[in-house]
Amino acid sequence: MKKLILSTSLLIALIAGSNSLQAQVLGTAAPTGTFAVKISEVLDLAVTAGATNTFDFNTIAKIDAGIETLNAVSLTYKSNKPWFVNVNANSANFTGSSITPMPASVVQFKLNGGGSYSTLSATPASLSGTSATKNTRGTAAIGVDYKVSPGYSYAPAQDYGMVITYTISNL
């Protein structure tokens, strides 16, 4: 009887063992999968404050000294690549009713908090970084200071106007 119980127990153990072996052989113990991540290039620039600026030369002192406005424009950028920002006037001269054209060069600009003023023109000029010395990727805001000095060379008018373009690039 002991032999029969021992043989039966051995047979049950073998059957149970072979079933568990078959389960491991038939299935995959650790299946794997893959996934991909795609990140598009981001170069985003927005005027968040100062989209319209008015410089009112209503006193002799202002005409003599010019008008300086610190942080006249605030730009917010988002970029996942190294970047730089250029600024330019959309035309060489202001528009308006005056018969004396006033050039964009009466406007000077600089990055808020540093550097010296540069003359605005229709040719793009560096505001922050350059194509050779780019800023690091990230998000933040930069300020633009303006100084306008028309002096006495241009006729009085209430409607001198100009569009200024800010361009973010990584090229």
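This is a predicted model: local features need pLDDT of at least 70, side-chain atom pairs count only at pLDDT 80 or more; totals for chains, interfaces and linings use all residues.
Two residues are in contact here when heavy atoms of each lie within 4.5 Å. Leaving aside its neighbours within four places in sequence, Leu 75 is in contact with Leu 45, Ala 46, Val 47, Thr 48, Val 85, Leu 127, Ala 140, Ala 141, Ile 142, Val 144 and Tyr 166.

One of these contacts is also a strand pairing: Leu 75, in β2, is the bridge partner of Val 47. The strands concerned, β1 and β2, are joined by six bridges in the antiparallel sense. They belong to an open sheet of five strands, arranged in the order β1-β2-β7-β4-β5 with antiparallel pairing. Because β1 and β5 (118-119) have a single partner strand each, they stand at the edges, and one side of each is left without a neighbour in the sheet.

Leu 75 also figures in the largest nonpolar core, a group of 22 residues. Together with Leu 127, Val 144, Tyr 146 and Tyr 166, Leu 75 is listed among the residues with the most contacts inside that core. At least two core residues come from each of β2 (67-79), β3 (84-89), β4 (107-111), β7 (138-148) and β8 (164-169). In soluble globular proteins, nonpolar side chains tend to be buried together.

Phe 35, Val 37 and Ile 39 make a nonpolar surface patch of about 430 Å². Val 37 lies in the loop between α1 (2-26) and β1 (43-49). Its relative accessibility is 63%, and since the cut-off for exposed is over 50%, Val 37 counts as exposed.

Technical notes: Residues are numbered from 1 along each chain as its sequence is written. Side-chain values use heavy atoms; hydrogens and water are left out. Patches are made of residues with over 30% relative accessible area and no salt bridge: like charges are joined within 9 Å, nonpolar side chains (Val, Leu, Ile, Met, Phe, Trp, Tyr) within 5 Å. Accessible areas come from the Shrake-Rupley method with a 1.4 Å probe; for residues, only the protein chains shown count as cover. A salt bridge is a side-chain nitrogen of Lys or Arg within 4 Å of a carboxyl oxygen of Asp or Glu. Helices (H or I, at least four residues) and strands (E, at least two) are DSSP runs, numbered from the N terminus. Buried means under 20% relative accessible area, exposed over 50%, partly exposed in between (1.4 Å probe, protein chains only). A nonpolar core is a set of buried Ala, Val, Leu, Ile, Met, Phe, Trp, Tyr and Cys residues joined through side-chain atoms within 4.5 Å. Two strands pair if DSSP finds at least two bridges between them.
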